[in-house]
Amino acid sequence: MKRINNILSIAFAGALGLGITACTDGNDWETDGSFNRLFGIDGKNISVEAEETQATVSFSTIQGAEYYVIEFSTDTLYDEVEMGGPKALVVGTDGSIKKSPVTVQGLAGDTKYYMRMKAMATNKPDSKWVYYREGKTFRTKAEQIFNEIPAEDRSEDRIRLSWMPNADVTSITVRQDEELLDSIILTDTDKAAGEYTVTNLAPSSTYVFTIFNGEAKRGQLTASTTAAMPAADFKYMLEEGVDVITTTLLQEIARMAQEAAGSTASYSATIGIPANTTIDIHGVSDTDGSATSIKIPDGMSVTFFGLAGGDAPVINLSKSIGLDGSHAFVRFENVKVTNGGCDYLINQSAGCTVGTLEFKDFMMTDMPRSLVRLQGDTPKTIENLVIDNSIIHNEGDGYALMYFNNAAYTVRNIAIKNSTLSTMKHNVIQCPNATVEKIDIADCTFYDIIGSGRYFIDAQGSSVTTNVTNTIFAKTNNEKAKGIRTDGTTNFSNSYMTSDFVLAGNKFTTDMTFEGTADDLFTDPANGDFTLKAFISAGDPRWYAAE
């Protein structure tokens, strides 16, 4: 028994000796150091708040980690992809990211990114990659480096674009109705200046301009060219410093238009009035030099046209304009008319024949009496009277906005469209006994109209067909306001009345009703803001609520 114990003791000692030797000389097998690496970041706790060119990354820190590395890429990221590919941005390798959150600069706007991150330490293997949302992407917000386009940078065939000089940009695309029209490679000069003028555009057209740095979109604008000067036999631009179109000047323009047309019986001219100016249109008395009414020369068709490049020019009329004789058209386009003492824009006594009298892209404020008045017993004919895309405000209570009340007058067709008429303190249209065949009103906003005992349309004794489409009637000016007086018919389609549009007589009812007042429907009607608070597709389109 004693011998057996000695053997066991020797065996144990030998084994112990072998164990000591193994600790000193090393193992005969390799150890796996990965079991000693840092834990990975909890992917569920990674969040990203993206802006235009930066993203704020929040995450849960790891015990033992000294810093973190984050990689962004527009290409897919997975474990087999080496860090720092050609479309990647790697941050934190310098040990700078030590805590959460961190804001990373240098991303591209409106761009989809993959993201991964890992924890790092000096004496431990780095953690495994952890992927944002298990490999899903986030998108940066669209960047906007374009400046707003002022009026002076738009014309009928070109638009000047601008941005911060020396920004990282490479190209601009031009699209219309999603069709790519042009792709412009920017030169070093363009980049340094931070501007480029796109030319060869069409008048009155809308384009989408996008600026890129490589494939990254850095800004986008939608802009429209201005209207071209209307076609005519002769185009004349007022020279700088001219503030009155006199009879003498108008006759000289007429003479040049006659030469261009080769006719003295029928000829046309467009008179371009510079933006940001105020002018008058009147004759001059031979006796005392005072202002007198001016008459459009017989046979002359004319457009008084506000040129692009700033605010629409103002015509501050001291005297009314006469339409004596024959004219294919007389137009006021892209101008603002104010009362300089005239009281009426057109106050016609003598006989006349006019094909079209048109007010387009037009504004008139504070006129005490009428936009158009015919007076006297001499026959007068206007085939078409048109108000288009215009704003008329605060027309006085002395006369109707449109006033022709004699059987000797013909105003065959009246069209009011895409316009806003507010604070009308008399009749809007007064045409009893006159020949008026049709009144078409479409896409208009009426607010605070019709004075005491007055009418929206007074066509007594006339059989007028009135068609009203996509129009809003909001608030009457007076509790004794009246509606439409005519022997003809009135038709409504998709047109609304507010609860405070109340008529005391000759009532009409639209086919649609808004259950609320003008204040409920519009943003600030008392101060001229008729932007719709309700999503209805009616009224002047300029006031539609943004979608």
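Is Cys352 buried or exposed? In this predicted model, Cys352 is buried, at a relative accessible area of 5%. Its sulfur lies 16 Å from the closest cysteine sulfur, which belongs to Cys431. That separation is too far for a bond. Cys444 is likewise in no disulfide. For Cys444, the nearest cysteine sulfur is that of Cys431, 16 Å away. Cys444 is buried, with a relative accessible area of 0%. A disulfide is a covalent bond between the sulfur atoms of two cysteines. The search of the whole structure returned 0 disulfides.

The domain assignment divides the protein chain into domain 1 (37-139), domain 2 (151-225) and domain 3 (343-543). Between the C-alpha centres of domain 2 and domain 3 the distance is 42 Å. Glu259 belongs to helix α3, residues 247-261. With 57% relative accessibility, Glu259 is exposed.

Thr490 is also one of the contacts of Thr466. Thr466 sits in strand β40, residues 465-469. Its relative accessible area is 1%, so Thr466 is buried. Leaving aside residues up to four places away in sequence, Thr466 touches Ile439, Ile457, Thr489, Thr490 and Asn491.

Salt bridges were examined next. Side chains of opposite charge can pair when their charged atoms come close. The whole structure holds 17 salt bridges. One of them joins the side chains of Arg139 and Asp110, at 3.5 Å from N to O. Arg139 is in strand β8 (residues 138-139), and Asp110 is in the loop between β5 (102-105) and β6 (112-120). The pair therefore ties together parts that are 29 residues apart in sequence. Asp110 is partly exposed, with a relative accessible area of 24%.

Arg412 takes part in two of the bridges described here. In one, the partner is Glu383, and the closest N and O atoms are 2.7 Å apart. Glu383 lies in strand β31 (residues 380-388) and Arg412 in strand β34 (residues 409-417), so this bridge ties together parts 29 residues apart in sequence. Glu383 is partly exposed, at 27% relative accessibility. Arg412 is partly exposed too, with a relative accessible area of 24%. In the other bridge, Arg412 meets Glu437 at 3.1 Å, N to O. This pair links distant parts of the chain, 25 residues apart. Glu437 is located in the loop between β36 (429-430) and β37 (438-442). Glu437 is partly exposed, with a relative accessible area of 41%. Elsewhere, salt bridges with shared partners join Asp110, Arg139 and Lys217 into one network.

Tyr403 is buried, at 13% relative accessibility. Ring pairs also link Phe446, Phe456, Phe473, Phe492, Phe501 and Phe508 into a cluster.

The charged end of Arg116 is placed over the ring of Trp129, 4.2 Å from the ring centre. For Arg331, the charged end sits over the ring of Phe329, with 3.9 Å to the ring centre.

Terms used. Residues numbered from 1 in each chain as written. Predicted model: local features only at pLDDT ≥ 70, side-chain atom pairs only at ≥ 80, totals over all residues. Heavy atoms only, no water. Helix = DSSP H or I, 4+ residues; strand = E, 2+ residues; numbered from the N terminus. Buried < 20%, exposed > 50% of the residue type's maximum accessible area, 1.4 Å probe, protein only. Contact = heavy atoms within 4.5 Å. Disulfide = S-S within 2.5 Å. Domains from an automatic or database assignment. Phe/Tyr/Trp six-rings, centres within 6.5 Å; stacked < 30°, edge-to-face > 60°. Lys NZ or Arg CZ within 6 Å of the ring centre and 35° of its normal. Salt bridge = Lys/Arg side-chain N within 4 Å of Asp/Glu carboxyl O.
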